[in-house]
Amino acid sequence: MRFRHRAAAAFATLMLPFAGLVGLASPAQAAASATATYTKASDWGTGFEGKWTVKNTGTTSLSSWTVEWDFPSGTSVTSAWDADVTSSGTHWTAKNKSWNGTLAPGASVSFGFNGTGTGSPAGCKLNGGSCDGTTVPGDAPPSAPGTPTASGITNTSVKLTWSAATDDKGVKSYDVLRDGAKIATVTTTSYTNTGLTAGTAYSYSVQARDTADQTGPVSGAVAVRTTGGTTDPPPGSKVKLGYFTEWGVYGRNYHVKNLVTSGSAAKITHINYAFGNVKDGKCVVDDTYAAYDKAYTADQSVSGTADTWDQPLRGNFNQLRQLKAKYPHIKVLYSFGGWTYSGGFAQAAANPAAFAASCKAVVEDPRWADVFDGIDIDWEYPNACGLTCDTSGPAAFRNLMQGLRSSFGSNYLVTAAITADGSSGGKIDAADYGGAAQYLDWYNVMTYDYFGAFDKDGPTAPHSPLTSYPGIPAAGFNSADAIAKLKTKGVPSAKLLLGIGFYGRGWTGVTQSAPGGTATGAAPGTYEAGIEDYKVLKTSCPVTGTIAGTAYAHCGTNWWSYDTPATIAGKMTWAKNQGLGGAFFWEFSGDTGNGELVSAINSGLS
């Protein structure tokens, strides 16, 4: 995808109103008697200030303190002071700071917090005992259990086992967590989770409870994917796939929730999350802040629930998790490479097995193992030139795809975005796309960016022509020729998706309305010269004609080509007549706020 330059975004600073709250104090020590009392210091409607006071009512010194309580669902701590506050679900724990843990007989200390919701604390415990001072045992919490191991995986169940935790007074039970939420409490070191969905990824961890009902640290997590299921669309249905760009959450201010508000989420089948990087022959997460750390407020999130400072997963990945919960039909693939990051594939191709293992480790990271249903490889271009020139040889791409399929197995989607250069001796001829097709679910054929202001003098031409036409600047640079060539290479029609750009390419200094005119350079664009979103062009430079199934527009001295709902309808009819597997597009944020281009793809393929 020629224009996919990752913008150098100014990363937003992660604002933690109470940085350092993840620290843990030393285990609580015994005291003769102590109390913990709660008051609501203020309430401003959308939030409140809570205050706890711990008092040593005994005759011996208290060297540390831990207060625990439960809030009802919907009430939570958003910031705190004078204590280290953590949570596990609706259970909250506050531990003294290093400087306020010691309380002489009769002394007291207070800590406070800001919160949201309307609930009040319940089940208060001080140092594992009652908050009214009747019992204050000096009981340390249990240790973390061992990371669970999974066995007996079926379509709908998995058996988990783990090594026991330790505790000075004994372990009473274990909480089993799936994707961070408690699903069971057991008294043994094993648990069988049933009622699961076939072909679905889950993440499991456990934590121990002691006889005082204190919870210890959460264990490591194990990623599990149930057997069975299907990653293929139902018979007769078509793939409707869109790219979501990781960096779009910055300058473009486009977030996963926009897929919901635009109505697009209900009309697509798959999302490619772009892009993971390829470094040292391995898959790696690129922008970790956008991917899994950026905090969303309630009004920004898909679920309507605000992220908290201590939750295990935030950012785009958590929003995609929420999207899939709301729209279970959507499959999400992690796309690696793209125009900017394709330089790493040559080293990856030298050891396909190691590359595939690294990619699977990223996709199956226990923090987001349930988010991704497969992997997409966007190598621009194997054994040919893109941002750099590759000389890996014609078999490198096929070998890489074989390694990925071997590693990921049949329950994951494995796809690739590939060149649409249908010219004789061009990029399609440079690699074994026919031989690689057996390992892939489909190809995203990038049938756009054929022509543009990277040739600053022109001639003007539609960047995404469906067919050839008299005067086309280069033979084979059109969708029909590319699809035909891939079919002759042995790629089944059903494994080919037609590409649609949700943007236009344009020149300036153009006097001729019809294609074929001369130009002086790239037309101005919001983010990059020569490129503009459809949502802008539809009003700033309305269509004046069509050619080869694609619209063009001449306004002033600027000349643009782009697809519209009408031209997309024609392309979808053509795709169905060709027996293609569906269509994909680059990318969501170029569409209008009501998703009219996505709607056109959906209607055209239905």
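**The open sheet and a helix pair**

Modeller: In this predicted model, four strands build an open sheet, ordered β13-β12-β15-β16, with antiparallel pairing. At its edges lie β13 (181-186) and β16 (222-225), each of which pairs on one side only. From one strand to the next, the twist averages 30°. Strands (E, at least two residues) and helices (H or I, at least four) are DSSP runs numbered from the N terminus, and two strands pair if DSSP finds at least two bridges between them. Residues are numbered from 1 along each chain as its sequence is written, and side-chain values use heavy atoms, without hydrogens and water. Because the model is predicted, local features need pLDDT of at least 70 and side-chain atom pairs count only at pLDDT 80 or more, whereas totals for chains, interfaces and linings use all residues.

Within the sheet, β12 (residues 171-178) and β15 (residues 201-210) pair in the antiparallel sense over seven bridges. Asp175 has Gln207 in β15 as its bridge partner.

Turning to the helices, α6 (residues 352-363) packs against α7 (residues 396-408) at an angle of about 50°, their axes being 8 Å apart. Axes are lines fitted to C-alpha atoms, for helices over the stretch in contact, and angles between N-to-C directions run from 0 to 180 degrees. α6 is therefore oblique to α7, the term for angles that are not under 35 degrees (roughly parallel), over 145 (roughly antiparallel) or 65 to 115 (roughly perpendicular). In contact (heavy atoms within 4.5 Å), α6 residues including Phe355 and Val363 meet α7 residues including Leu400 and Phe408.
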